[in-house]
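Hi,

Here is the structure we talked about handing over. Please load it first, then read the notes below.

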Amino acid sequence: MSEDQQSVGTQQLSFALYGAANRMVRMHKPFLEPLGLTFPQYLVILELLAEAPLSVGTLGGRLDMDTGTITPLVKRLEAAGLVTRTRDPKDERRVMVDLTSRGRGLGAEVRSITQKIKSACQLTDEGVDDLRRTLDALSQPASE
């Protein structure tokens with residue numbers, strides 16, 4: 001098929017990003033299933049391993065998830081015994097999320113997934129850094 005016969009969609013950056021994002025989620029699945037985690041739950045656990053406790057709002061902000069998305073996600077992790085939710089004693093309006101000992105126990109396995117994905121994608125550390133910078137730049141609001 002010649003380039004002019006290709007669909008417009010295959011030539012668009014949006015399609016490439018969409019396909020890459022879906023592939024990335026699918027690549028994580030075999031590593032996450034034995035841990036009983038979905039991809040979004042994995043992202044929450046990674047954030048909490050980096051710093052905890054965090055408020056639901058802060059956690060949602062770091063993961064670019066709104067309250068309607070992050071709250072049920074955290075509730076499911078709580079039901080699985082991986083996190084706790086408690087009211088902030090300094091501000092009762094805020095709900096703080098922390099890892100349980102069981103959640104912290106997943107730390108080594110959860111952190112090792114990044115290396116497995118990097119290997120599967122045949123990316124070097126430099127390649128990962130370059131890709132992350134490019135994607136971070138794309139996720140920033142355009143200057144006006």
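Arginine 132 is partly exposed, at a relative accessible area of 44%. Here buried means under 20% relative accessible area, exposed means over 50%, and partly exposed is in between (1.4 Å probe, protein chains only).

Two notes on conventions. This is a predicted model, in which local features need pLDDT of at least 70 and side-chain atom pairs count only at pLDDT 80 or more, while totals for chains, interfaces and linings use all residues. Residues are numbered from 1 along each chain as its sequence is written, and side-chain values use heavy atoms, with hydrogens and water left out.

Back to arginine 132. Its salt-bridge partner is aspartate 129, with the closest N and O atoms 3.3 Å apart. A salt bridge is a side-chain nitrogen of Lys or Arg within 4 Å of a carboxyl oxygen of Asp or Glu. Both residues sit in helix H7, three residues apart, about one turn of the helix. Helices (H or I, at least four residues) and strands (E, at least two) are DSSP runs, numbered from the N terminus. Aspartate 129 is partly exposed too, at 34% relative accessibility.

Helix H7 holds another pair. Arginine 133 and aspartate 130 meet in a salt bridge at 2.4 Å, N to O. They are three residues apart in H7, so about one helical turn separates them. Arginine 133 is exposed, at 52%. Aspartate 130 is partly exposed, at 35%.

Aspartate 125 bridges to lysine 118, with the closest N and O atoms 2.1 Å apart. Lysine 118 is buried, with a relative accessible area of 15%. Glu47, Glu51 and Arg62 are linked in a network of salt bridges. The structure holds ten salt bridges.

**Pocket**

The largest pocket has a volume of about 1400 Å³. The search runs on a 1 Å grid over the protein atoms alone; a pocket is an open set of points where a 1.4 Å probe fits, with protein on both sides within 12 Å along at least five of seven lines, and lining residues have an atom within 4 Å of a point. The volume is the space filled by probe spheres set on the points.

The lining has 26 residues, and Met24, Phe39, Leu131, Arg132 and Leu135 lie nearest the centre. Helices H1 (13–32), H2 (39–50), H6 (107–120) and H7 (125–139) each give two or more residues. H1 has the largest share, with seven. The lining divides into 16 nonpolar, three polar and seven charged residues.

**Core**

The largest nonpolar core has 27 residues, and Leu37, Ile45, Leu59, Ile70 and Val83 touch the most other members. Such a core is a set of buried Ala, Val, Leu, Ile, Met, Phe, Trp, Tyr and Cys residues joined through side-chain atoms within 4.5 Å. H1, H2, helix H3 (56–62), helix H4 (67–79), S3 and H6 each supply at least two residues. H2 gives the most, with five.

**Strands**

Strands S2 (83–88) and S3 run antiparallel, joined by six bridges. A hairpin connects S2 to S3 through two residues. Threonine 84 has aspartate 98 as its bridge partner in S3. Strand S1 (54–55) also runs antiparallel to S3 (91–99), with two bridges. There, serine 55 partners methionine 96. Strands pair if DSSP finds at least two bridges between them.

Best wishes

Conventions
Ala, Val, Leu, Ile, Met, Phe, Trp, Tyr, Cys and Pro count as nonpolar, Asp, Glu, Lys and Arg as charged, and the others, Gly among them, as polar.
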